[in-house]
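Colleague: I have a model open on my screen and I'd like to learn how to read it. Could you walk me through it?

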Amino acid sequence: MSSDMQNFIGLSAVLTGFNQEILAPELDPVDIKSEYLPLFESKIAQESGDPQLVQQILLKYASLAAGGGTEQEIGTAMLDPSNGANWVLACRKLIYTWYAGAWPTLIPPGPSKPASTVGDVISAESYTAGLVWQVMQSHPMGDSNYRYGYWATKPASLSDYTGNP
Amino acid sequence: MKAKHRVFLSPRKGTAWWLTCGFLAVLTAQAIAATDTGNAPPPAPALSWNIPTNITVTTPPSPPTLDSLQHDFDVFSWQTFVALNWPANADGSPNTNMTIGQDTNEPVVWESYRESRTIFLPGGDKPADWGQNSPLPPQCDKIDAKHLPPGTLRLTQVGKTPNVLDESGEPFKTGPLIDQNGKYARFSILTNQAMFNYIVNNQLYSKKGQQDFNADADFPPTKEDSQEQAIMIKTSWVEMGGKYDPSKFFTTWALVYDNPAEEPGVKPSCTLKQVGLVGFHIGHKTISDPQWIWSTFEHVDNVPTVNQPISKAEYNFFNPACKDCQVNEPPPRPWNPGNEYTQPTQVERVIAITDDANQLNAEYHQALNAAVPGSVWQNYELVSTQWPTNAKSKTDPTGVPAPSFLANTTLETYIQGHVKQTSSSCIACHNNATQTNGKFSDFTYLLQRAQ
């Protein structure tokens, strides 16, 4: 795994609250991370107008992680407004991507409409890989790996889904 | 590291050590003099009658990667394929005085396995014991065993009863597969003795027995010290003759039964035919892989691959001269295997065989040819092996299979592709299998056949 990818997964784990082993298992036939990182790089460069922003974000994460901060401390530092609006928005979009399997577009408020967010599903794989289903301890509509009759039994614990205690 | 639950490590070169399920346990350490083979071709794989009980994890790399483990599972598939197609003694055990392909008139090991037809009987009757005769469909009673071609009949474990191919619509009712002679391909499903015994001992052959059992099925191995492993096999066949040269196929004589229960309007009939093997699925449950290991093989001439050159003049299920044939489309209804001729199916493989699997196929073909020059088994290739990458997952009972999709063009012809819940994935599909009372059936749909 490249250092960019390692930092990307580490950053994603800090921001989403999921364990790195859940986001990027050592044996990973779905490999959704390899879809998300290049998308994150290209979209943020395009939308922020700053082709270096993602690299700066990943390097700051690497620096904080090397400094031994807790995940909570690192996450707070990454989302601090002092980083700049585009920086924070990029991190929030990354959270959205992991949870929804979609790329968010912010729609500014209109004369009669409040601001809103539209998500474009990235792929069939990203739809089913969305973390929102895991947090719900459920499954995507139209795609379930649970066995017949699962609805009558208690789901696994939330920590089993997130990989964190 | 999830790979630790695999059974043992054996370096391709260097020191060998072993891992047992779930935890690192060095059982023995055999120091092998490290040799640097450089870029020399890998040694020819050994051919053995022993059915492997788990994969051999090879290193480097360490830790194993998805690709390296895929290779190891593919080797496991070939080892199993060779052992199952080893010449057999009368009791179905491997004939250790022979090698695979040595005498094509001898029955092979899997031919002693039990056909599903003989397990799930009308009325939920108890099946005959392992090794005992089972009744034939009435229409087959007219076939006199004395008139069967001498020396070519493959007997099942029942001793006097030829194979019966009574399924023409495998699988999933997505449509029959029509060969280049305009005939229906035929299918059969078989279980080994461990699986058969579990079904019989728990009376899972009948609906009533399943109600009384009232639990999820759990075929062996269920414990780490279990000596038994459940294996089930699906085979697909075409009738020999016409465009099919028997010398290129593993052939057998079979009673081809048109089953009126399969499709409306089908008239029952039973005919003795020489048939050739075109597809071979193996489902093998191991202690490390409770989702089973799924291997699939095909005849090398079955089909070309989508977007790849059409390199052969003839295929078993593809006509290069047909430019307006719809690809991977089932024939229009009504379906009737008794028809004299049906427009052949134009089939292409949707997911290409990987380069690594092709290389492994070449190595095994070389070994098979070395064992028996011209061996018919050179004409069969591994498509791939599907296995659980996280067998102990608490949140995904499929164990996150790799590859995500796997299809045999003769058995999942019309559901090839990359769409979840739609395209063929052995584990994802069989994970939905239940008994007749809704209880989990442990990755087999066979228990649904109970009456």
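Predicted model: local features only at pLDDT ≥ 70, side-chain atom pairs only at ≥ 80, totals over all residues.

Colleague: Now the helices. How do I describe two that pack together?

Modeller: You give the angle between the two axes and the distance between them. Take helix α1 (residues 3-16) and helix α4 (residues 53-66) of chain A: their axes come within 9 Å and cross at roughly 75°. An angle of 65 to 115 degrees counts as roughly perpendicular, and α1(A) and α4(A) are therefore roughly perpendicular to each other. On the α1(A) side the contact uses D4(A), N7(A), F8(A), G10(A) and L11(A), while α4(A) brings L58(A), Y61(A), A62(A) and A65(A). Sorted by class, the residues of this contact are six nonpolar, two polar and one charged.

Colleague: At what angle do α1(A) and helix α5 (residues 71-78) of chain A pack?

Modeller: About 95°, with the axes 9 Å apart. So α1(A) and α5(A) are roughly perpendicular to each other too. Here α1(A) uses L11(A), V14(A) and L15(A), and they meet E71(A), I74(A), G75(A) and M78(A) of α5(A). That contact has five nonpolar residues, one polar and one charged.

Colleague: What about cores? Which residues have the most contacts inside the largest nonpolar core?

Modeller: For a core, you link up buried nonpolar residues whose C-beta atoms lie within 7 Å. The largest one here has 90 residues, and those with the most contacts inside it are W78(B), W110(B), M195(B), M232(B), I233(B) and L255(B). The element that gives the most to this core is α1(B), with eight residues. Apart from it lies another core of 27 residues, including F18(A), I57(A), L64(A) and A90(A).

Colleague: Pick one of those residues. What does M232(B) touch, leaving aside its neighbours within four places in sequence?

Modeller: I189(B), L190(B), T191(B), M195(B), G283(B) and T444(B).

Colleague: Is E228(B) buried or partly exposed?

Modeller: Count again: E228(B) has 18 other C-beta atoms within 10 Å, so it is partly exposed. E228(B) sits in the loop between α3 (207-213) and β8 (231-239) of chain B. Not counting residues up to four places away in sequence, E228(B) touches A194(B), P220(B) and P221(B). K285(B) is 57 residues from E228(B) in sequence, yet their C-alpha atoms are 9.6 Å apart.

Colleague: Last one, the chain contact. How many residues does each chain put in?

Modeller: Chain B gives 25 residues and chain A gives 18. On the chain B side, α1 (66-84) and β13 (401-402) each supply at least two residues. By class, that side has 11 nonpolar, 10 polar and four charged residues.

Notes:
Residues numbered from 1 in each chain as written. Chains lettered and ligands numbered in written order. Contact = placed C-beta atoms within 7 Å. Helix = DSSP H or I, 4+ residues; strand = E, 2+ residues; numbered from the N terminus. Nonpolar A, V, L, I, M, F, W, Y, C, P; charged D, E, K, R; others polar. Axes fitted to C-alpha atoms, helices over the stretch in contact; angles between N-to-C directions. Parallel < 35°, antiparallel > 145°, perpendicular 65-115°, else oblique. Buried ≥ 20, exposed ≤ 12 C-beta atoms within 10 Å, placed from the backbone.
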